[in-house]
Amino acid sequence: MKLSTLPWLIAGMLPSAALAQTFQYGSRFPKNKLYSLEPDTIGLDSIDGTIAAFGDFNGDKFTDLFVLSSDQTSVSIYLWNHEGFTFRGLTKSKTIQPGFIITNVVPGDYNYDGKLDVLLMGEQNPDKNPTNEIKMQIYLGNGNDTFGMIRHRQQYAEYELTRSLFTELETMKLPSAHHALPIVLDVNGDMKTDILGYSFETKQLSLWMNEALSESNDTSTLFNVTSASPIFDKSLTDRCTWANPHSNAFVDLDGDCLADLVFVCSKSSGLKSIQIWTNRRDEGFALSHEADLPSGAGPLSFADIDGDGSIDIVFPVCQNKVCSIHVVYNQQMGLCSKSQETSTTCRSARHLCSADPNFTFDFTRPNTQHYVVFDIDTYLDDNEFIMTEDSNFRGQLPVPVHTGDYNLDGYPDLLVTTNQRVLLLESILCDSTLCSSSAQSASRRTFSIVTTGADILNKMSNPTQAAFFDIDEDGSLDILVLQNLQKNSDAKRTPNFVINNFFNDAFFLKGLVSNGVADLEAYGVSYPGASLKFTVLDTAGVKRSHQISQLAQSGYMALQTPYCLFGLGRTNNYVEEMFAGVSRHQEKNYFFYEGVIPNSQLVFLPYQPEHVQDSSSWKVELYIKPADYVPWVLAVLVGASILLAVVVVVLRTLEKKEDEMERRKALHIINFDAL
């Protein structure tokens with residue numbers, strides 16, 4: 001066999017798709033840095049609008065885009081094509097047009113059939129809306145790249161049905177909301193997506209309770225609008241008028257893997273405050289904390305900043321264009337050490353989803369152990385400041401600080417949008433120059449601006465928002481930057497995806513919690529407010545716990561991904577304990593899984609038959625993501641095997657020749673002695 005044919009034989013033994021993708025990444029992104037993907041290279045050059053939401057519309061485990069038109073009157077969908085490494089838009093006939101100015105796009109499974117739908121919110125004229133009416137409309141997905149039709153048998157006064165009886169409708173209009181945009185959540189623990197906001201009819205805090213039946217096609221009674229007073233103490237909710245815009249969240253803050261509620265309130269003084277309501281299951285929500293936010297506070301974001309297994313609060317603060325990043329740490333029970341296994345002041349690794357009723361946040365003392373302030377203004381240019389709202393948008397559009405672990409070290413990093421550029425902030429341990437001595441001794445974390453390999457972010461002019469997004473689902477958080485290049489007063493934003501090609505010596509995990517429908521292949525219907533908690537053993541032998549939330553915020557085009565991607569850092573072990581929690585009103589509202597392989601994706605399917613009252617019927621699917629070097633490992637293995645085979649054959653041939661020579665010599669000696 002000629003040696004020149006060996007590479008072709010090896011190539012023939014490798015998966016062609018894996019080879020093609022490896023060569024593609026190797027040639028397009030050869031260096032350890034961020035790379036920009038121009039819109040025309042991934043099928044987004046024809047977008048006339050802005051990316052408004054992420055969601056897996058066709059359930060293929062790849063995230064698709066919901067695009068809002070520049071005039072904010074329609075929404076189109078772009079599906080990710082893995083083989084072509086590009087987005088492909090659905091035909092214009094599948095564009096949805098609700099008949100009002102759209103200000104929020106919320107994908108979700110609203111009729112509980114395991115197929116992704118979309119909820120549109122908006123106003124007839126945001127520039128002149130004296131009644132503050134917020135219209136809401138749902139389009140139901142068929143799961144085959146189309147939206148379905150709604151059958152009804154009779155008229156219902158609370159729904160505006162746009163055609164006559166016994167016909168099919170393309171859309172269902174919900175009773176309007178008032179003042180601030182509503183949020184989506186599961187308020188009663190039945191795994192169905194409800195809506196919470198102010199009713200236009202009563203002007204009171206109300207619930208749009210989801211009463212969908214998973215096996216029924218009748219959607220005429222999909223939502224029942226009721227007062228929120230049975231769930232919340234009205235005397236306490238009346239003390240809080242939601243800010244507009246707000247950054248309300250449905251996220252676990254007391255550590256029981258059961259999502260709580262955060263309300264951002266506006267005060268007559270012009271300042272903002274927050275209310276934290278803990279989830280008491282069938283007893284409703286109880287107000288546990290109230291606190292004033294600093295003057296100039298921007299939208300709130302939620303992440304486990306210091307990797308202690310509890311969700312912290314991070315937000316920008318700008319006063320007279322002087323800006324800083326504030327992190328208020330969740331004071332909560334931590335993970336028990338080996339000597340504390342029987343202690344009641346910490347959580348054992350097997351009980352990560354136990355509530356800490358004494359959790360608290362201290363907003364009153366900045367630059368202390370539990371409140372770290374990063375002075376980002378010292379790193380900004382003259383006349384540069386953090387953007388907290390996109391003014392070139394019809395309606396309210398806040399610009400939050402987005403969290404995500406870009407380097408997979410286990411600690412969330414930040415994406416900050418200024419009026420001039422996008423900044424990537426890396427999480428680092430506090431030191432004496434950046435934090436107080438008490439914060440340093442408590443191993444709190446602050447941030448540093450990433451400059452090496454991030455030049456492309458500085459070159460993107462007129463950014464309006466930046467968010468993390470894993471393009472092609474390869475296990476690394478890439479970046480989406482939206483730019484207003486034409487400086488128009490409409491919603492047209494040029495999308496620029498930035499490939500994260502930093503070579504990180506670390507592992508990742510990707511998690512997705514579905515909404516528990518009976519269809520166990522409903523991969524596109526992520527559950528809002530789900531929690532993932534896990535432990536990881538670092539190379540020093542220290543066990544740490546982490547927490548991450550799924551779809552915690554849904555208002556004002558939050559641009560949150562329908563999955564949780566988090567780093568494990570440098571570890572040489574399995575993920576020993578993994579918990580996935582939902583808001584079911586039962587004692588065991590979580591699923592425990594152990595021995596998780598790093599660099600994999602977990603899909604939790606919390607389906608429960610009616611007679612089951614715990615998580616014993618839940619399913620979990622694990623998918624291994626082959627690394628880019630796998631084809632080369634196979635090539636080296638095959639090459640080494642062939643080389644060893646050649647050596648063995650040569651040595652055996654030489655040995656046989658030597659044995660033959662010795663046999664002949666022995667035969668010759670015997671013949672000579674016979675003479």
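User: How many aromatic pairs are in this one?
Analyst: The count comes to 26 aromatic pairs. Keep in mind that this is a predicted model.

User: OK, take Phe87 and Phe497. What are the ring distance and plane angle there?
Analyst: Their ring centres are 5.8 Å apart and the planes sit at 25°, under the 30 degrees cut-off, so the pair is stacked.

User: Which strands do they come from?
Analyst: Phe87 is in strand E5 (residues 86-89) and Phe497 in strand E30 (residues 494-500), so the pair ties together parts 410 residues apart in sequence.

User: Are those two buried or exposed?
Analyst: Phe87 is buried, at a relative accessible area of 4%, and Phe497 is buried too, at 0%. Both also belong to a cluster linked by ring pairs, along with Phe54, Trp80, Phe85 and Phe469.

User: And what about Phe591 with Phe604?
Analyst: That aromatic pair is edge-to-face, with 6.2 Å centre to centre and 65° between the planes. Phe591 is in strand E36 and Phe604 in strand E37, 13 residues apart. Both are buried.

User: Switching topic: which charged end sits over the ring of Tyr523?
Analyst: That's Lys61, 4.0 Å from the ring centre. Elsewhere, Arg444 lies over the face of Tyr329, at 4.5 Å from the ring centre.

Technical notes: Residues are numbered from 1 along each chain as its sequence is written. This is a predicted model: local features need pLDDT of at least 70, side-chain atom pairs count only at pLDDT 80 or more; totals for chains, interfaces and linings use all residues. Side-chain values use heavy atoms; hydrogens and water are left out. Rings of Phe, Tyr and Trp (its six-membered ring) pair if their centres lie within 6.5 Å; planes under 30 degrees apart count as stacked, over 60 as edge-to-face and the rest as tilted. Helices (H or I, at least four residues) and strands (E, at least two) are DSSP runs, numbered from the N terminus. Buried means under 20% relative accessible area, exposed over 50%, partly exposed in between (1.4 Å probe, protein chains only). A charge sits over a ring if NZ of Lys or CZ of Arg is within 6 Å of the ring centre and within 35 degrees of the ring normal.
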